[in-house]
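This report covers salt bridges, strand pairing and one surface patch in a single model. The sequence and structure come first.

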Amino acid sequence: MTAPNTPPDPADADARAVPDAAPDPFAPPPGATALKDGAPPLGRRLLPEVRVGAGVVVACLVAGVVFAGLWAWLAPKVPLVVDGDRILYADPEGEQRAGADAVFVLIGLGAGIVTALGAFLVTRRRGGGIAVALGLTVGGLLGSIGAWRIGRWLGPGNDLIGEARRVGDGGHFDASIDLGALGALLVWPMAAMVVLLLLSAAFGKREEDPPPYWGVPAGVPAAQAPTGPWAAPETGPSGPPGPQDGTGSDAQRGTESGTQR
């Protein structure tokens with residue numbers, strides 16, 4: 001039994017005044033610190049990216065073989081004629097050499113669009129990543145070089161003397177196809193980068209916006225929403241304040257004062 005006029009215990013007053021604090025819904029998950037301290041090694045984190053990039057490069061190399069076949073088939077041939085001991089152009093004013101470069105550029109442009117679209121669709125769920133861009137760049141460049149080399153091998157032979165002896169004097173044959181401008185090798189990777197950038201900007205995976213400072217994070221029940229001056233204002237029917245707000249009528253305050261006396 002407490003003696004009269006005994007002041008209340010400050011610890012009891014603080015315990016009654018401060019209720020049990022609700023868990024902070026904006027706090028990081030319990031495993032966040034442990035994940036930071038025990039993060040997987042760098043090699044394990046980079047392994048999925050390396051696999052994606054290598055897969056894109058392999059796909060580009062396969063497309064480069066198709067590229068080479070199309071270029072060897074569609075590129076205009078340079079006709080030559082044997083005149084005695086000389087090999088002359090059958091059409092000195094022809095533009096077959098420039099036409100071969102133009103066909104290579106057009107096929108490279110199409111290859112860049114197709115490979116970028118395929119890589120974007122395959123890796124869209126995972127959000128793309130730097131591995132896709134690097135894979136398209138390296139794979140597009142290697143695919144262009146491979147298409148150039150294989151296309152020359154698939155086209156007419158490079159042995160002009162042997163071909164001239166085979167057809168004889170006055171005979172005609174085609175010269176080998178080749179690139180006059182090596183800058184055409186960059187068309188494929190550059191086109192792939194532009195298309196990938198446009199697709200990522202228009203249809204790429206979006207990151208969720210963080211909730212406002214007065215909102216409730218996704219997945220947190222409304223009962224656990226933070227309270228305080230930063231909480232969202234409640235909306236509802238307005239009415240006169242009740243006794244619980246400490247702003248009751250004068251009669252109520254007088255009654256309470258009399259009771260306490």
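With which residue does R152 form a salt bridge, and how far apart are the closest N and O atoms? The partner of R152 is D178, and the closest N and O atoms are 4.0 Å apart. A salt bridge here is a side-chain nitrogen of Lys or Arg within 4 Å of a carboxyl oxygen of Asp or Glu. R152 belongs to helix α5 (residues 130-154), while D178 sits in the loop between β3 (172-174) and α7 (187-203), so this pair ties together parts that are 26 residues apart in sequence. Helices (H or I, at least four residues) and strands (E, at least two) are DSSP runs, numbered from the N terminus.

The model is predicted: local features need pLDDT of at least 70 and side-chain atom pairs count only at pLDDT 80 or more, whereas totals for chains, interfaces and linings use all residues. Residues are numbered from 1 along each chain as its sequence is written, and side-chain values use heavy atoms, with hydrogens and water left out.

**Salt bridges**

By the rule above, the count comes to three salt bridges.

| D83 | R86 | 2.8 Å |

Side chains of opposite charge can pair when their charged atoms come close. E163 and R166 are three residues apart in helix α6 (residues 160-167), which means that about one helical turn separates them.

Accessibility is classed by relative accessible area: buried is under 20%, exposed is over 50%, and partly exposed is in between (1.4 Å probe, protein chains only). R152 has 23% and is partly exposed; D178, at 24%, is partly exposed as well. E163 is partly exposed at 23%, whereas R166 is exposed at 58%. D83 is partly exposed with 35%, and R86 is partly exposed with 46%.

**The sheet**

D83 and R86 also have a place in the strand pairing: D83 stands opposite R86 in β2. Strand β1 (residues 79-83) and strand β2 (residues 86-89) run antiparallel and are joined by four bridges. Two strands count as paired if DSSP finds at least two bridges between them. β1 and β2 form a hairpin with two residues between them, and G84 in the turn has a positive phi of about 70°.

Three bridges join β1 to β3, and these two strands run antiparallel. In that pairing, L80 has F173 of β3 as its bridge partner. The three strands form an open sheet in the order β2-β1-β3, with antiparallel pairing. β2 and β3 are the edge strands, each pairing on one side only. From one strand to the next, the twist averages 35°.

Helix α6 packs on this sheet and touches β1, β2 and β3. The direction of α6 makes about 150° with that of β3. Contact means heavy atoms within 4.5 Å; axes are lines fitted to C-alpha atoms, for helices over the stretch in contact, and angles run from 0 to 180 degrees between N-to-C directions.

**A nonpolar surface patch**

V66, L70, W73 and L74 form a nonpolar patch on the surface, with about 430 Å² of accessible area together. Such patches are made of residues with over 30% relative accessible area and no salt bridge, nonpolar side chains (Val, Leu, Ile, Met, Phe, Trp, Tyr) being joined within 5 Å and like charges within 9 Å. Accessible areas come from the Shrake-Rupley method with a 1.4 Å probe, and for residues only the protein chains shown count as cover. L70 lies in helix α3 (residues 42-74) and counts as partly exposed, at 33% relative accessibility.
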